[in-house]
Amino acid sequence: MAGHPILDDAERDAWDAFVTMRKALDRVLAAGMRDDGDLSEAEFQALSALHAATDRALRTGELAAELCWERSRVSHLTRRMADRGLVERTECADDARGTWIVLTNPGRRALLRTVRGHTELLREVVFEPLGPEGLARLEAVSRTIADAVESSGRAPGAECAAAAETDRRRAAS
């Protein structure tokens, strides 16, 4: 879409408001995760993916694909998480190079504490202030923007979702 290369006043005001909101929301959610479960956002995402997985376990590559991260980032993160007792790292019996990342009971408890606080916080700072009509508008706007990003062809990460699905199918067979 061609247009003027500089945002007009309405576009700039809307964008500035969105960025300000997103930063404030990110900060308060990150603080809540630290306070409720002593988790970083990255740890919360990893534990959530493990909690949703069959047998609460994923191979390193599967977790990387699920989170759309590089394997090295997942390896570093899960080593630190294992040191804290949130996950266990075990060798794959059928692949000497592979590692299973398994959610531990302490990791599950930290995740559940964080989810409870996260849910309460989302209700307090997002859902209740918006009310039902605002919530419906938020969903509609979010879907519209997500669809536009996907159809633009500029969305990195689409291959991550496909890789995660391929890894899930491979693991199931």
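C68 sits in the loop between α3 and α4, where helices (H or I, at least four residues) and strands (E, at least two) are DSSP runs, numbered from the N terminus. Although C68 is not a glycine, its phi is positive, about 60 degrees. As for cover, C68 is partly exposed, with a relative accessible area of 36%; buried means under 20% relative accessible area, exposed over 50%, and partly exposed in between (1.4 Å probe, protein chains only).

A word on what is being looked at. This is a predicted model, in which local features need pLDDT of at least 70 and side-chain atom pairs count only at pLDDT 80 or more, while totals for chains, interfaces and linings use all residues. Residues are numbered from 1 along each chain as its sequence is written, and side-chain values use heavy atoms, with hydrogens and water left out. The pLDDT is the predictor's confidence in each residue, from 0 to 100. The chain averages 88, and 87% of the residues score at least 70.

Now for the overall layout. The chain has six helices and three strands, and reading along the sequence gives the pattern α-α-β-α-α-β-β-α-α. Of its 173 residues, 31% count as buried. The chain exposes about 11,800 Å², with carbon and sulfur atoms supplying 53% of that; accessible areas come from the Shrake-Rupley method with a 1.4 Å probe, and for residues only the protein chains shown count as cover. Contact means heavy atoms within 4.5 Å. Among the contacts with a separation of 6 or more, 55% are accounted for by residues 24 or more positions apart.

At the start of α1, a side-chain oxygen of D8 gets to within 3.1 Å of the backbone nitrogen of A10. A polar contact like this is a pair of N or O atoms within 3.5 Å; within protein, one must be able to donate a hydrogen and the other to accept it, and residues adjacent in sequence count only if both atoms are side-chain atoms. After α1 comes D38, whose phi is positive, near 55 degrees. The buried residues of α1 are V19, L29, G32, M33 and G37, and what covers them includes α2 and α5. L29 counts as buried because its relative accessibility is 12%. Leaving out residues up to four places away in sequence, L29 touches H118, L121 and L122. L29 and V125 are 96 residues apart in sequence, yet 9.8 Å apart in space, C-alpha to C-alpha.

Helix α2 is where much of the story comes together. It has 12 residues and reaches 17 Å from its first C-alpha to its last, close to the expected 16 Å. Buried in α2 are A42, E43, F44, A46, L47, A49 and L50. E43 counts as buried because its relative accessibility is 8%. A polar atom of the E43 side chain lies 2.8 Å from the backbone nitrogen of S40. Neighbours within four places aside, E43 is in contact with D38, L77, M81, R84 and L86.

That leaves the nonpolar core, meaning a set of buried Ala, Val, Leu, Ile, Met, Phe, Trp, Tyr and Cys residues joined through side-chain atoms within 4.5 Å. The largest one has 23 residues, and L47, L63 and M81 have the most contacts inside it. At least two residues each come from α2 (41–52), α3 (60–67), α4 (71–83), β3 (95–103) and α5 (105–152), with α2 giving the largest share, six residues. L47 itself touches L39, M81, L86, V87, L103, G107 and L111, not counting residues up to four places away in sequence.

Definitions and conventions: Expected span 1.5 Å × (residues − 1).
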